[in-house]
Amino acid sequence: MKDTKDFKYKSFQCNHCQANQTKPELVDIMQEIVDKTKLTLYIVGAFRCKVHNKNMGFENKENQYIKGLACDFRAADKDGSLLTGQETIDIIDASGVLDDYKVTIHNTFIALEIGRDYERLSKV
Ligand SMILES: [Zn+2]
C-alpha cells in the first residue's frame with residue numbers, strides 16, 4: 001500500500017502485531033485534513049487485528065478499527081505545540097473535511113471512523 005505525502009502506511013498498522021489492513025480511503029482522508037488545515041497529525045492507533053480489538057475492550061463488537069476504517073490521532077500546530085482533542089476538532093470542523101464521518105473527541109486525541117452512513121459529525 002502506498003504512502004501519502006505526510007503519512008507512512010506503516011503508521012496505521014496494528015499496535016500489537018503490525019498487521020495492517022487499513023483501507024486507502026482512510027489514509028486519503030487523513031492526508032486531506034493535513035492539506036486543508038496544515039496541522040501535523042500523529043496516528044496513535046489505527047488498524048486492530050481481532051486480538052488487539054478484544055484487548056481494547058471490543059470482544060464481541062464489530063467496529064471500524066478491525067475493518068481498517070478508523071484511526072485515533074492527535075495534532076500539533078505549526079509551532080509543534082500539541083493541541084487538545086477539542087482544539088483539534090475546532091480547526092478541522094472549520095475546514096469542512098470531516099462533515100460526513102463519525103468523530104469522537106477525547107481529551108488528548110480524536111477517534112475517526114469512516115465507511116458507514118454517518119449522518120453528521122458526532123461529538124461525545
Ligand atoms: Zn494485532
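Modeller: Gladly! Let me start with contacts: residues 24 or more positions apart account for 56% of the contacts in the protein chain with a separation of 6 or more, where a contact means C-beta atoms, placed from the backbone, within 7 Å. This is a predicted model, so local features need pLDDT of at least 70 and side-chain atom pairs count only at pLDDT 80 or more, while totals for chains, interfaces and linings use all residues. Residues are numbered from 1 along each chain as its sequence is written.

Colleague: What makes a run a helix or a strand, and how many are there in the protein chain?

Modeller: Helices are DSSP runs of H or I with at least four residues, and strands are runs of E with at least two, numbered from the N terminus. By that rule the protein chain has three helices and four strands, in the order α-β-α-β-α-β-β from the N terminus on.

Colleague: How do you know that β2 and β4 pair?

Modeller: Pairing requires at least two DSSP bridges between two strands. Strand β2 (residues 70-76) and strand β4 (residues 110-113) have four bridges, in the antiparallel sense, so they pair. Phe73 stands opposite Ile110 in β4.

Colleague: Why are β1 and β3 at the edges?

Modeller: The open, antiparallel sheet has the order β1-β2-β4-β3. Because β1 (40-45) and β3 (102-105) each have a single partner strand, one side of each is left without a neighbour in the sheet.

Colleague: What share of the residues is buried?

Modeller: Of the 124 residues in the protein chain, 28% are buried, meaning that 20 or more other C-beta atoms, placed from the backbone, lie within 10 Å of their own.

Key: A residue is buried if 20 or more other C-beta atoms lie within 10 Å of its own, exposed if 12 or fewer, and partly exposed in between; C-beta atoms are placed from the backbone. Two residues are in contact if their C-beta atoms, placed from the backbone, lie within 7 Å.
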